[in-house]
Amino acid sequence: EAYFDVKHADKVPFIIHTGDVTTVVLGTAFNIKAYNGQQHITVSVKRGKVQVMKANKVIFTLIKGQEVKIDHKDIHPLIDKAAGNSNAGSWQYGYLAYEDENFGDIISDMERVYNTEIIVMNGQLKNILVTTSFNRDIGARKALEILCRLTGSKLEIKNNQYLIK
């Protein structure tokens, strides 16, 4: 994940390649989230404008407050969120913010952030969409307790592993 704040330069384009997704900067501040193990690449624009491409085709031009999620396996964008996305780059300030994110992707993020193993016992939970945010300093246990309350699941800790049932 990276947050960029790029000054506009007509003759020198700033281009980010994330696997087969390309983001062309048109002078902006934006965030790209593309972790192994997560289903989507997410591009969020905080200020300015970017073009998002896949398979050498422009699939979206995003402006301030817009976000697009692209499935790694599909050439079509999954979600285009209109204005209102204020979470772009919030991770830089110690906040973990999720808006309509798959529970499975959030758990994958939690494993990376807290460097721990989290096992979701019920595979159906992974597809639940969750919106929440918290300071990462609350720790894995508290963060997972919040997520479990939101999804109606239960957290157990066994052998230094977090189990979600």
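Helices (H or I, at least four residues) and strands (E, at least two) are DSSP runs, numbered from the N terminus. The model is predicted, so local features need pLDDT of at least 70 and side-chain atom pairs count only at pLDDT 80 or more, while totals for chains, interfaces and linings use all residues. Residues are numbered from 1 along each chain as its sequence is written, and side-chain values use heavy atoms, with hydrogens and water left out.

The aromatic residues were examined next. A pair of aromatic rings is described by the distance of the centres and the angle of the planes. Rings of Phe, Tyr and Trp (its six-membered ring) pair if their centres lie within 6.5 Å; planes under 30 degrees apart count as stacked, over 60 as edge-to-face and the rest as tilted. The whole structure contains 2 aromatic pairs. Phe4 and Phe14 make an edge-to-face pair, with 5.8 Å between centres and 65° between planes. Phe4 belongs to strand β1 (residues 2–6) and Phe14 to strand β2 (residues 14–18), so this pair ties together parts 10 residues apart in sequence. Phe4 is buried, at 18% relative accessible area, whereas Phe14 is partly exposed at 34%. Buried means under 20% relative accessible area, exposed over 50%, and partly exposed in between (1.4 Å probe, protein chains only). Phe4 and Phe30 have ring centres 5.1 Å apart and planes at 20°, so they are stacked. This pair links distant parts of the chain, since Phe30 lies in strand β3 (residues 21–33), 26 residues from Phe4. Both Phe4 and Phe30 are buried. Phe4, Phe14 and Phe30 form one aromatic cluster.

Glu67 is in strand β6 (residues 67–71). Glu67 is buried, with 8% relative accessible area. Its side chain makes a polar contact with the side chain of Ser44, at 2.7 Å. A polar contact is a pair of N or O atoms within 3.5 Å; within protein, one must be able to donate a hydrogen and the other to accept it, and residues adjacent in sequence count only if both atoms are side-chain atoms.

On a 1 Å grid over the protein atoms alone, a cavity is a set of points where a 1.4 Å probe fits but cannot get out; a pocket is an open set with protein on both sides within 12 Å along at least five of seven lines; lining residues have an atom within 4 Å of a point. The largest pocket is lined by residues including Gly37, Asn102, Asp105 and Lys126. Helix α1 (103–114) and strand β9 (118–120) each supply at least two lining residues. The largest share, 5 residues, comes from α1.

The second largest cavity is lined by residues including Lys33, His40, Tyr98 and Asp109. Here β4 (40–54), β8 and α1 each supply at least two residues. Again α1 gives the largest share, with 3 residues. Tyr98 sits in strand β8 (residues 95–102). Tyr98 is buried, at 3% relative accessibility. Tyr98 and Thr131 are 33 residues apart in sequence, yet their C-alpha atoms are 5.2 Å apart in space.
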